[in-house]
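Here's a quick tour of how some side chains pack in one protein model. Have the viewer open and follow along.

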Amino acid sequence: MCLTGASKLYDKGSSAREALRSVNLEIHKGELIAIAGPRGSGKSALMKMLGLLEAPTSGGYHFLGVPEQSLSEEQRLWFRRRFFGFVPQAFNMLQTTSLQGNVALPLIYRGLSAECCQTAAMRALSVVGLEDCGHRMPAELDSTQQGKAAIARALVCNPSVLLVDAARQASEKPLCPEIETLLRKLNTEHELTVVVVTQSDSAARWAGRVIQVNGGAVEHDTSGLLH
Ligand code: ADP
Ligand code: MG
């Protein structure tokens, strides 16, 4: 994944906002990365760009060597579904559906058989340590379990890259240690590239690389310190 001079301008008439300013970033397969920064610094905009949810307004983004500008809408969707798992800022669970049903949803949308969806959902739940909770409703879970369930739902389609924008709105809280451990496990044992929005103080503890953003620009990147 490679951003070159990538900027993102949200143009709302008179109040245009530059969420990202000329970002250069190379992310390699198998990295475990934390993106940190104050509210409004462009963390979510960066994640959306990496995950092909939004295109840069200037500059470029290559994913697997493919320039994103060259993709049709259909191809973009295919890449997104094939390679990325998203954990959104709000977990967006359907409250009237069991955990297993929630985790199976991305596969149901793809038209797979019910049996196949349920089996894959149980497998994903067991990867995150919730194998005994498939029948429970989202409201019955504590916040750590909800985070794990959202990760299971992102894993169910077997992505190569997991993008976690799990910092809640009020303050970009540190991840709880259990989720940190899970993300590390997914990164090492399941060979997933993992990119997580989180708080910098705690991130240094568990992430292989911390990218600090501020005002839409990369202010600090620990990968430079490794070379
Ligand atoms: P963070 O995730 O670090 O809190 P964001 O990436 O969500 O920051 O936002 C970066 C900047 O872009 C903020 O100033 C925000 O107000 C603005 N922004 C984000 N999304 C939109 C949007 N859809 N329309 C207009 N402005 C936006
Ligand atoms: Mg955000």
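## A charge over a ring

Start with Arg-82: its charged end sits over the ring of Phe-83, 4.7 Å from the ring centre. The rule here wants NZ of Lys or CZ of Arg within 6 Å of the ring centre and within 35 degrees of the ring normal. Phe-83 itself counts as buried, at 12% relative accessibility; buried means under 20% relative accessible area, exposed over 50%, and partly exposed in between, with a 1.4 Å probe and protein chains only.

Before going on, some housekeeping: this is a predicted model, where local features need pLDDT of at least 70 and side-chain atom pairs count only at pLDDT 80 or more, while totals for chains, interfaces and linings use all residues. Residues are numbered from 1 along each chain as its sequence is written, chains are lettered from A and ligands numbered from 1 in the order in which they are written, and side-chain values use heavy atoms, leaving out hydrogens and water.

## Aromatic pairs

Phe-83 also belongs to a cluster that ring pairs build from Phe-63, Trp-78, Phe-79, Phe-83, Phe-84 and Phe-86. The model has 7 aromatic pairs, counting Phe, Tyr and Trp rings (the six-membered one for Trp) with centres within 6.5 Å; planes under 30 degrees apart are stacked, over 60 edge-to-face, the rest tilted.

Trp-78 and Phe-83 make an edge-to-face pair, because their planes meet at 85°, with centres 5.9 Å apart. Phe-84 and Phe-86 are stacked instead, with planes at 25° and centres 6.2 Å apart. Phe-84 is buried at 6% relative accessibility, whereas Phe-86 is partly exposed at 27%.

## Nonpolar cores

Which residues touch the most other members of the largest nonpolar core? They are Val-87, Ile-151, Leu-155, Leu-162, Leu-183, Leu-186 and Trp-206, out of 42 residues. Elements giving two or more residues to this core include strand S3 (32-36), helix H5 (143-155) and helix H6 (177-189). A second, separate core has 28 residues, among them Ala-6, Leu-20, Val-197 and Ile-211.

A core here joins buried Ala, Val, Leu, Ile, Met, Phe, Trp, Tyr and Cys residues through side-chain atoms within 4.5 Å. Helices (H or I, at least four residues) and strands (E, at least two) are DSSP runs, numbered from the N terminus.

## Cysteines

How many disulfides are there? The count is 0, with the cut-off for a sulfur pair set at within 2.5 Å. Cys-117 is buried at 0% relative accessibility, but its closest cysteine sulfur, in Cys-116, is 5.7 Å away, too far for a bond. For the partly exposed Cys-176, at 25%, the closest is in Cys-133, 14 Å away and also too far for a bond.
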